[in-house]
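The following report concerns one protein chain and is written for a reader who works with the coordinates at hand. Please keep the sequence and the model open while reading.

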Amino acid sequence: MADNVRPASMARINTPELAEAFIEEQIASLQAQIGKDKVLLALSGGVDSSVVAALLIKAVGNQLTCVHVNHGLLRKGEPEQVIEVFRNQMSANLIYVDAVDRFLDKLAGVSDPEQKRKIIGKEFIDVFAEEASKLEGIRFLGQGTIYPDILESDGVKAHHNVGGLPENLQFELVEPVKFLYKDEVRVVGKALGLPDSMVYRQPFPGPGLGVRCVGAITRDRLEAVRESDAILREEFAKNGLEGKVWQYFTIVPDFKSTGIKDNKRTFEWPVVIRAVNSVDATSASIEQIPYALLGHITDRILSEVRGVNRVLYDLSPKPVATIEWE
Ligand code: XMP
């Protein structure tokens with residue numbers, strides 16, 4: 001347990017200079033730990049795994065292999081960004097696994113939220129383990145464990161992140177950011193040259209859009225979640241709300257209501273907008289989005305997203321509601 005306690009002498013990393021010093025120190029200790037051996041890392045594109053990837057690339061270059069599993073529940077543009085940043089810009093050894101059909105087939109017809117989470121988590125581990133078994137000579141596994149994960153769980157990655165450690169894989173762990181708080185990981189990520197959209201991105205659940213496509217996931221409704229989410233994010237960015245609002249996204253419930261398009265009655269899904277502020281996700285308040293902006297986002301969603309005829313704004317704080325709908 002002692003090696004899981006942040007050293008009292010460690011300064012809070014809150015300046016680019018302190019981040020640079022941390023990076024230099026970590027490069028040296030990663031090189032000492034890893035030597036000439038090979039490291040594997042599940043790279044979701046979230047800030048923690050991205051920072052670990054960037055540190056490992058600097059420390060051991062091509063001895064690192066990153067695996068990015070696209071489970072079909074990522075936001076629009078995310079897999080492309082991982083490939084662009086890590087393979088194209090940082091020349092990482094990146095294995096991109098298109099597991100979309102595999103996940104969506106397993107999830108077909110499953111409506112219970114916890115069952116959905118379990119399937120996504122198990123499938124992720126299976127896909128990752130399969131990729132790992134194709135590689136030879138891997139000794140280490142990189143992990144984006146951060147200090148709150150250790151504090152909350154006595155050493156086990158606390159949040160039910162789908163990108164968690166495949167426990168049956170016998171690798172030694174490499175956890176270069178395990179003593180950092182989230183804000184420090186972001187300062188280090190910025191110093192490593194990662195794009196702001198990765199460094200400052202809002203919390204995103206491990207099961208991804210899967211918990212926002214309420215009930216049994218279908219491909220068309222999942223696309224409605226992805227497209228409406230992309231519009232919301234784009235409009236928040238354009239209107240200065242990105243980085244100001246803690247978490248914002250859309251939900252598509254699995255019921256329909258009537259509407260009218262081109263003089264014909266329609267029977268389509270609603271899109272629900274959720275935008276909340278929080279410190280640690282245990283409670284949350286509602287962001288007061290300007291009415292004109294809500295109207296503009298509504299117009300865009302209604303004209304650009306297929307299968308949708310209604311847009312709603314969720315005004316419920318946590319508690320009583322949770323942040324996600326499932
Ligand atoms: P709730 O919905 O419980 O969410 O108010 C609190 C925070 O946790 C995130 N969340 C998850 N994160 N796996 C995750 O990694 C999950 O299964 C999961 N469920 C909720 C949610 O996005 C919010 O930030």
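N263 is placed in the loop between strand 7 (257-261) and strand 8 (264-277), where helices (H or I, at least four residues) and strands (E, at least two) are DSSP runs that are numbered from the N terminus. The phi of N263 is near 65°, a positive value in a residue other than glycine. With a relative accessible area of 77%, N263 is exposed; the classes are buried for under 20% relative accessible area, exposed for over 50% and partly exposed in between, with a 1.4 Å probe and protein chains only.

The model is predicted, local features need pLDDT of at least 70 and side-chain atom pairs count only at pLDDT 80 or more, whereas totals for chains, interfaces and linings use all residues. Residues are numbered from 1 along each chain as its sequence is written, and side-chain values use heavy atoms, with hydrogens and water left out.

A281, in the loop between strand 8 and strand 9 (285-286), likewise is not a glycine and has a positive phi of about 75°. At 24% relative accessibility, A281 counts as partly exposed. In the segment after strand 10 (308-313), where P319 is placed, a cis peptide bond joins K318 and P319 with omega about -20°, and a cis peptide bond also joins P319 and V320, with omega about 25°.

## Parallel strands and their crossovers

Strand 1 (residues 38-42) is mostly covered, since 4 of its 5 residues are buried. Strand 1 is joined by 4 bridges to strand 4 (residues 138-142), and the two run parallel; strands pair if DSSP finds at least two bridges between them. In this pairing V39 stands opposite F140 in strand 4. Strand 1 also pairs with strand 2 in the parallel sense over 4 bridges, and there L40 stands opposite T65 in strand 2. The chain crosses from strand 1 through helix 2 (residues 47-60) to strand 2 in a right-handed β-α-β crossover, a term that applies if, with the strands pointing away from the viewer, the path from the first strand over the helix to the second runs clockwise.

Strand 2 is in turn joined to strand 3 (residues 93-98) by 6 bridges, and these strands run parallel, with H68 opposite Y96 in strand 3. Here the chain passes from strand 2 through helix 3 (residues 78-89) to strand 3, and this β-α-β crossover is right-handed.

In helix 4 (residues 100-107), the residues F103, L104 and L107 are buried. Seen down the axis of helix 4, its buried residues fall within an arc of 90°, so they line one face of the helix; the arc is that of the directions from the helix axis to the C-beta atoms. An α-helix has 3.6 residues a turn, so residues three or four places apart point the same way. What covers the buried residues of helix 4 includes strand 2 (64-70), helix 5 (113-134) and helix 9 (219-238).

Helix 4 is followed by G109, whose phi is positive, near 80°. V110 is found in the loop between helix 4 and helix 5 and, at 15% relative accessibility, counts as buried. Not counting residues up to four places away in sequence, V110 touches Q115, K116, I119, G215, A216 and I217, contact being defined as heavy atoms within 4.5 Å. The C-alpha atoms of V110 and T218 are separated by 10.0 Å, although these residues are 108 residues apart along the chain.

Y147 and F179 form an edge-to-face pair, at 5.8 Å centre to centre with 75° between the planes. This pair links distant parts of the chain, 32 residues apart, with Y147 in helix 6 (residues 147-153) and F179 in the loop between strand 5 (172-174) and helix 7. Y147 is buried, with a relative accessible area of 7%, and F179 is buried with 18%. Ring pairs link Y147, F179 and Y181 into a cluster.

E184, in helix 7 (residues 182-191), counts as buried at 0% relative accessibility. Leaving aside its neighbours within four places in sequence, E184 is in contact with R6, A11, R12, I13 and F179.

How values were computed. Rings of Phe, Tyr and Trp (its six-membered ring) pair if their centres lie within 6.5 Å; planes under 30 degrees apart count as stacked, over 60 as edge-to-face and the rest as tilted.
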